[in-house]
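Welcome, and take a moment to look over the model. The paragraphs that follow walk you through two parts of it, one after the other.

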Amino acid sequence: PKPNGDSTAMLMKSYACQRRTPLKHHNSFLTEALEILAQNAEYNDNEGRSVAFRRAASVLKALPRRVRSMQDLRWLPCLGDHSQRVIKEILEDGSSREVESTRQSEQYQVMKALTGIFGVGVRTADRWFREGLRSPDDLIRTGQQLNREQQAGVQYYDDLQKPVTKAEADVISDMVEKAVHAVLPGAEIQLMGGFRRGKEVGHDVDFLITHPEEGKEEGLMPKITNWLKEQGLLLYQKTTRNSYLEKMDGPARASSNMDRFERCFSIFKLQKSAASCKSSSAASAEDVSTGRESEGPAEHHPEASGWRAVRVDLVVSPYSQFAFATLGWTGSKLFERELRRWAGQEKHMSLSSHALYDSKQNLYLRAKTEEEIFAHLGLEFIPPSERNA
Ligand code: TTP
Ligand code: MN
Ligand code: MN
Ligand code: MN
């Protein structure tokens, strides 16, 4: 007779989009370790290895209880030799040497700091690392050429490092709603990304905007950002036009994870609430008297002001693509990746944030809701709060 734990392991599906993955789970002592190795593989431009570690971690997130021995893992999918070795070592010794030495390594720490700058990807960070640069301060000190995005990233570095709370996300939601309705009444706004999955903090706040009358959403983004700018609420914005054309981008490009909606990467100026502002206004008075503000105008000192910078992503979608955009912008990133893999490998379909194309029938499958998309894909519906793969 099989021990009790095995039945859940045997039922564990192999694609993350076939499983329910809650935000809080029982194995963070293992998943956190595996995700460090995944992150490190990404820094070394090894995507295959990175995804393998992320899939292994994700399986453990879906388990209903804490892993106590290697026996508990017997029937689980997606656990490669390397991941199993790491897990075994943590179960036996309390930690993995490979994980700890990665965590302590200079390359890992510097790459984490540099890619943590808004506008800086792995490639740029790696070049800077090999040139001997170690921190955002080094970039300023050595006078590195920075694009507009990276300049903002360095300028607001401290603020953007601080997690955004749900309470702050709610205040931003009100600001976005006000802006959108001022320029297009009847438009609909939805909170996306991690906050839609129930996270209590995030690295940014994501919004999807549409209008029930198809076409009304065209050219909306510049109107929104202009309104916000006039109100003095935008510290930075870069808008990209909608470049989606069904004929060109449909079947061929649909499986790419970069979508082509009109979108805006921005940094909002969020006024601190009266309560959380009290201590910092005292600090700012002190700064003026000691002249600390004159040190360097290049950086914003968060502790010395009544506001903070917050990263905000805005996306505008035509109503007919809204369900696909909603599914695509809810995440998690691994959940999205697994949905596309499922569609391609198991269903001969290609899924994007715009559409679902069925290669066997040679047609686009329409959908008004996320539920319909899951049904087209032959998947049980997984609610956003269970997509924390
Ligand atoms: P993120 O905001 O990067 O991630 P998140 O909201 O899940 O987590 P965090 O708390 O760190 O902000 O992305 C949100 C979703 O948007 C993600 O599931 C994938 C989607 N997305 C795209 O579809 N295209 C893109 O180019 C990017 C960057 C994200
Ligand atoms: Mn990020
Ligand atoms: Mn987000
Ligand atoms: Mn985002």
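Strands β8, β9 and β10 form an open sheet of 3 strands, in the order β8-β9-β10 and with antiparallel pairing. Strands here are DSSP runs of E of at least two residues, numbered from the N terminus, and two of them pair if DSSP finds at least two bridges between them. Because β8 (349–351) and β10 (363–364) stand at the edges with a single partner strand each, one side of each is left without a neighbour in the sheet. Strand β9 (residues 356–358) pairs with β10 over 2 bridges, in the antiparallel sense, and here you can find Tyr357 opposite Tyr364 in β10.

A word on the ground rules: this is a predicted model, in which local features need pLDDT of at least 70 and side-chain atom pairs count only at pLDDT 80 or more, while totals for chains, interfaces and linings use all residues. Residues are numbered from 1 along each chain as its sequence is written, chains are lettered from A and ligands numbered from 1 in the order in which they are written, and side-chain values use heavy atoms, with hydrogens and water left out.

Now turn to the metals. Donors are N, O and S atoms within 2.8 Å of the metal (3.2 Å for Na, K and Ca); water is not among the atoms, so sites may look incomplete. The manganese ion (ligand 3) has Asp204 (OD) and Asp206 (OD) as its protein donors, 2.0 to 2.1 Å away. Asp204 bridges the manganese ion (ligand 4) and the manganese ion (ligand 3), which lie 3.6 Å apart.

Conventions:
Helices (H or I, at least four residues) and strands (E, at least two) are DSSP runs, numbered from the N terminus.
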